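Please work through the exercises below with the sequence and the structure side by side. Each task is followed by a solution that goes step by step.

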Amino acid sequence: MSAGMTDREIVRALARQYAEIAAYPVQDERRRLWAAHNSLKRTRVPVLTQTGFWQKWAFDHFGDARMQCQDPFLRDLERYFRLALFQFDLGDDTIQEPWFTVNAHQARGWRNIWGLSEDMKHPENFDGAYAYQPPLKEWSDMAKLSPPPHQIDEDATRHHADRVREVIGDLLEINVDRGPVCQGFMSDISTSLAGLRGLEQIMIDMYESPDELKRLLAFMRDGILANNDAAERAGDYSLTTQSTAGMTYTEDREPPRANSGARPRSQLWAFCAAQELAQVSPAMHEEFMFNYQLPIYEHFGMVAYGCCEDLTRKISFLRRMKSLRTIGVTPWADVAKCAEQIGTDYVFGWRPNPTDQVCADWDESRIRRILREGLEASRGCIVHIHLKDVENLRGDPTRLKRWVAIAREVVEGF
């Protein structure tokens with residue numbers, strides 16, 4: 001950016017660059033790739049990297065001190081576009097869509113959807129460990145909970161969208177996502193359950209208070225269902241109210257589109273996980289979580305299951321989910337055993353360990369060896385590679401672009 005530009009000019013220049021790349025032909029190539037891949041067809045192996053401001057390396061390189069805008073609102077827009085342009089430069093298969101999304105302002109938000117705050121003890125350092133401060137100390141505290149409403153602050157939503165539209169509305173369509181607060185991690189039950197009750201405590205509850213725990217799970221299941229039902233009745237699900245571990249394209253469904261208007265859940269992707277139950281046995285995972293998740297996600301057309309938890313021994317009961325389309329295979333999973341169970345029935349979302357790939361010492365031979373071993377173990381599956389949960393790049397963000405180039409070379413042989 002040239003010296004002397006105003007905050008508004010900085011954001012507009014970045015948005016103009018983004019609009020240009022979003023119109024490149026390669027975006028349609030990626031759309032066709034993901035649509036075929038998610039339709040369980042043979043394609044080249046898609047390669048994804050995850051970038052986001054919650055990651056330590058991104059905080060270091062895209063934090064306020066690195067931005068040029070002084071106005072906080074415009075600085076956030078600047079950061080968004082700089083990250084998006086950085087993502088495109090990596091050369092992976094992420095699709096840059098020709099719109100900017102404003103999320104509706106909800107009555108309740110992240111980790112505060114049940115009427116009680118799911119507090120965390122924050123570390124002194126940005127990349128330190130957090131600790132749960134659960135509000136449900138006793139089972140009698142359940143009386144303090146209330147189901148999450150689908151309640152949008154229309155004035156605040158309109159004001160936010162209008163502010164963005166005034167800055168970049170002539171360059172990009174401004175998409176308003178009115179989807180419910182209960183989606184993604186806030187609809188998988190597991191995330192909020194650990195926040196409400198405590199990670200260790202819910203494992204103790206499975207033995208000492210199974211009936212009370214199931215009562216809480218049923219309350220949360222019914223609350224999420226009611227929230228999702230209300231959003232669908234209001235016409236607030238749209239083609240951008242979708243989430244998955246990859247891109248939300250398939251050949252038998254409408255592609256994402258800004259401001260599409262109402263769509264039923266049966267036409268949309270949803271994301272589900274149970275990271276907090278990673279150390280719980282398959283039988284207890286099914287009894288104390290999956291059985292309660294199932295009624296929520298049966299309303300959706302396609303579901304991606306799994307985040308950081310090892311699902312190697314849990315795939316058998318995941319098959320009960322008729323809408324299941326993608327299974328996450330984490331760094332802790334047995335890739336070969338997962339491949340045996342998944343076959344070509346589902347998309348195989350393989351996530352190599354980021355520590356071995358880019359976070360520790362840079363070792364190109366190690367990167368290639370691990371990628372080849374994983375692809376060989378999953379040969380025959382409908383697999384994509386997803387480098388995610390990257391916290392540290394040793395001060396060198398160029399590692400991500402170099403990793404993508406290596407991954408593309410490796411997948412050519414598979």
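The exercises concern a predicted model, and they go from the sheet to its packing and then to single residues in loops.

**Exercise 1. Work out which strands pair with β8, and in which sense.**

Step 1. Start on one side of β8, where strand β7 (residues 302–305) pairs with β8 in the parallel sense over three bridges; within this pairing, Y305 stands opposite I327 of β8.

Step 2. Turn to strand β9 (residues 347–350), which pairs with β8 over four bridges, again in the parallel sense, and here V329 stands opposite W350 of β9.

Step 3. Follow the chain between these two strands: β8, helix α11 (residues 335–342) and β9 make a β-α-β unit that is right-handed.

Step 4. Check the covering of β8 itself, which spans residues 324–329 and is mostly covered, with six of its six residues buried.

**Exercise 2. Give the strand order of the open sheet of six strands, and explain why one side of β1 and of β6 is left without a neighbour.**

Step 1. Read across the sheet, which is open and has parallel pairing, in the order β1-β10-β9-β8-β7-β6.

Step 2. Look at the two ends of that order: β1 (47–49) and β6 (269–272) stand at the edges and have a single partner strand each, so one side of each has no neighbour in the sheet.

**Exercise 3. Find which residues touch the most other members of the largest nonpolar core.**

Step 1. The largest nonpolar core has 85 residues, and those touching the most other members are Y305, F348, W350 and W403.

Step 2. Take F348 as the example: leaving out residues up to four places away in sequence, its contacts include I327, V329, V335, A339, I342 and V383.

Step 3. Apart from this core lies another, of 21 residues, and among them are A22, F73, L77 and A84.

**Exercise 4. Decide whether E97 is buried or exposed, and name the side chain with which its own side chain makes a polar contact.**

Step 1. Locate E97 in the loop between α4 (72–90) and β2 (99–103).

Step 2. Apply the cut-off: buried means under 20% relative accessible area, and E97 has 13% relative accessibility, so it counts as buried.

Step 3. The side chain of E97 makes its polar contact with the side chain of Y249, at 2.6 Å.

Step 4. Apart from neighbours within four places in sequence, E97 is in contact with Y18, A22, R31, Y249 and P256.

**Exercise 5. Describe the phi values and the exposure of D389 and R394.**

Step 1. D389 is in the loop between β10 and α14 (398–411), and R394 is in the loop between β10 and α14 as well.

Step 2. D389 has a phi near 60°, a positive value in a residue other than glycine, while R394, not a glycine either, has a positive phi of about 55°.

Step 3. With 31% relative accessibility, D389 counts as partly exposed, and R394, with a relative accessible area of 48%, is partly exposed too.

Note on methods. Residues numbered from 1 in each chain as written. Predicted model: local features only at pLDDT ≥ 70, side-chain atom pairs only at ≥ 80, totals over all residues. Heavy atoms only, no water. Buried < 20%, exposed > 50% of the residue type's maximum accessible area, 1.4 Å probe, protein only. Pairing = 2+ DSSP bridges. Right-handed = clockwise from strand over helix to strand, strands pointing away. Core = buried A, V, L, I, M, F, W, Y, C linked by side-chain atoms within 4.5 Å. Contact = heavy atoms within 4.5 Å. Polar contact = N/O pair within 3.5 Å; in protein donor to acceptor, adjacent residues only side chain to side chain.
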